[in-house]
Structures are given as C-alpha cells and as structure tokens.
Amino acid sequence: MLRVEIRDSADTLILRLEGRFAGDDAEHTGTLTTRLAAREKLLVDLTEVVFVDAAGEEVLSFLGRFGAEFVAPNSYVLDVCERLNLRVAPNSSSHLSALGDLRTNGDQSRSDRAKPRKR
C-alpha cells in the first residue's frame, strides 16, 4: 500500500511517500507529479518508504531526470538513491523543517511535549 502526501509551498512541491512504492501506484504517482511539478522545484521525501520495485525505480529515476531532490535519511532509501544516481538533498531534515514538517504541520509531536524539561 502506498500513501502520498503533496504539499505545495511558495516555490517547492514536496511529495511525501509512505509504504511500498511499486507497480501501478508508482506509475500513477509519477504521472501526477509531473503534472503538478512542471513549474516548481520538486522535493521527494522517501523517509517512510519501505520497498521500491522496478516500476518504482523507473519513476524515481524519471523524477530525478526531471530535477527532483530526494530526502533519504535511512540506509534502505539512501541505497536506492545511490544505485539510481539520484540527487539526495543535502541535510535533508533541514529542508523539511524549513518548509514545515508534513507529519505535524509544524506542531510538536506528543512525545516531545510529554518530555519534562531540565531545569
């Protein structure tokens, strides 16, 4: 199963993928993204991707040729990006922080709020 979140900021389209980037889901995502991102910088967040098949790799390669930068903070997606020669955004977490974290819309997570502060 694939979940796709799209966020459009002033000059960057952020595509956040979660789950399995495979088959028809990957192809449909690629088609949708090219329609939306024709005018903007594209940042693809692969943080929550757990599997990429051959169709998904083709779409990621296409998006890379399209000029996308990729957020790849874990070893699996970093390996995929390296094998496909994709441009990994330098200091990926700061890119997402600057644009607002999609998971929390800029709010602190519950685990952060529950931690007591040191005095």
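This briefing covers the fold, the nonpolar core and a few individual residues of the structure above. The model is predicted. The protein has five helices and four strands. From the N terminus, the elements follow the order β-β-α-β-α-β-α-α-α. Of its 119 residues, 39% count as buried.

**Strand pairing**

- Strand β1 covers residues 2-8, and strand β2 covers residues 12-21.
- β1 and β2 form a hairpin, with three residues between them.
- The pairing of β1 with β2 is antiparallel and runs over seven bridges.
- Within that pairing, Val-4 has Leu-17 of β2 as its bridge partner.
- β2 also pairs with strand β3, residues 41-52. These two strands run parallel and are joined by nine bridges.
- Gly-19 stands opposite Val-49 of β3.
- β3 in turn runs parallel to strand β4, residues 69-71, with three bridges joining them.
- Val-44 has Phe-70 of β4 as its bridge partner.

**Crossover**

- Helix α2 spans residues 54-65.
- Together, β3, α2 and β4 make a β-α-β unit. Its hand is right-handed.

**Nonpolar core**

- In soluble globular proteins, nonpolar side chains tend to be buried together.
- Here the largest nonpolar core has 22 residues.
- The residues with the most contacts inside this core are Leu-17, Phe-21, Val-44, Leu-46, Leu-60 and Phe-70.
- β3 supplies the largest share, five residues.
- Leaving aside residues up to four places away in sequence, Leu-60 touches Phe-21, Leu-46, Val-52, Phe-70, Val-80, Leu-84 and Leu-86.

**Contacts and surface**

- Take the contacts between residues at least 6 apart in sequence: 66% of them join residues at least 24 apart.
- The protein exposes about 7400 Å². Carbon and sulfur atoms supply 48% of that area.

**Residues to inspect**

- Ile-14 sits in strand β2. Its relative accessible area is 0%, so Ile-14 is buried.
- Ile-14 and Ala-68 are 54 residues apart in sequence. In space, their C-alpha atoms are 9.7 Å apart.
- Glu-5 lies in strand β1. Glu-5 has 18% relative accessibility and therefore counts as buried, because the cut-off for buried is under 20%.
- The side chains of Glu-5 and Arg-3 are joined by a polar contact of 3.5 Å.
- Asn-85 lies in the loop between α3 and α4 (92-99).
- Asn-85 counts as exposed because its relative accessibility is 69%, and the cut-off for exposed is over 50%.
- Asn-85 is not a glycine, yet its phi is positive, at about 55°.

Notes
Residues are numbered from 1 along each chain as its sequence is written. This is a predicted model: local features need pLDDT of at least 70, side-chain atom pairs count only at pLDDT 80 or more; totals for chains, interfaces and linings use all residues. Side-chain values use heavy atoms; hydrogens and water are left out. Two strands pair if DSSP finds at least two bridges between them. A crossover is right-handed if, with the strands pointing away from the viewer, the path from the first strand over the helix to the second runs clockwise. A nonpolar core is a set of buried Ala, Val, Leu, Ile, Met, Phe, Trp, Tyr and Cys residues joined through side-chain atoms within 4.5 Å. Buried means under 20% relative accessible area, exposed over 50%, partly exposed in between (1.4 Å probe, protein chains only). Contact means heavy atoms within 4.5 Å. Accessible areas come from the Shrake-Rupley method with a 1.4 Å probe; for residues, only the protein chains shown count as cover. A polar contact is a pair of N or O atoms within 3.5 Å; within protein, one must be able to donate a hydrogen and the other to accept it, and residues adjacent in sequence count only if both atoms are side-chain atoms.
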